[in-house]
Amino acid sequence: MAALLLVLLLAVVLFGAGFALKALWWAALIVLVLWLVGFLVRPAGAGGKRGRWYRW
C-alpha cells in the first residue's frame, strides 16, 4: 500500500513539474517575442539615429 502511494505521489510531482516547465517555456517564448518587437520598432532618436528601446 505504501509503495502504491509513493508511486502516485511521484506521478503527481512529475506531472506538476512537467506542467510548470511547459508554462515556463510559453512565458519565455512570449518574452522573446516582446523583446524582438521592441527591438525592431524602437523609435528614432535625435539626428535620425535609432535610439535605445530600453529606459535604463
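## Helix length

Helix α1 has 39 residues, which at 1.5 Å a residue should span 57 Å. The expected span is 1.5 Å times one less than the number of residues. The end C-alpha atoms of α1 are 57 Å apart, which agrees. The protein comes to 1 helix and 0 strands. Helices (H or I, at least four residues) and strands (E, at least two) are DSSP runs, numbered from the N terminus.

This is a predicted model: local features need pLDDT of at least 70, side-chain atom pairs count only at pLDDT 80 or more, and totals for chains, interfaces and linings use all residues. Numbering starts from 1 along each chain as its sequence is written, and side-chain values use heavy atoms, without hydrogens and water.

## Cover

Helix α1 is hardly covered: 1 of its 39 residues is buried. Across the protein, buried residues make up 4% of 56. Buried means under 20% relative accessible area, exposed over 50%, partly exposed in between (1.4 Å probe, protein chains only).

## Trp35

W35 lies in helix α1, residues 2–40. W35 counts as partly exposed because its relative accessibility is 40%.
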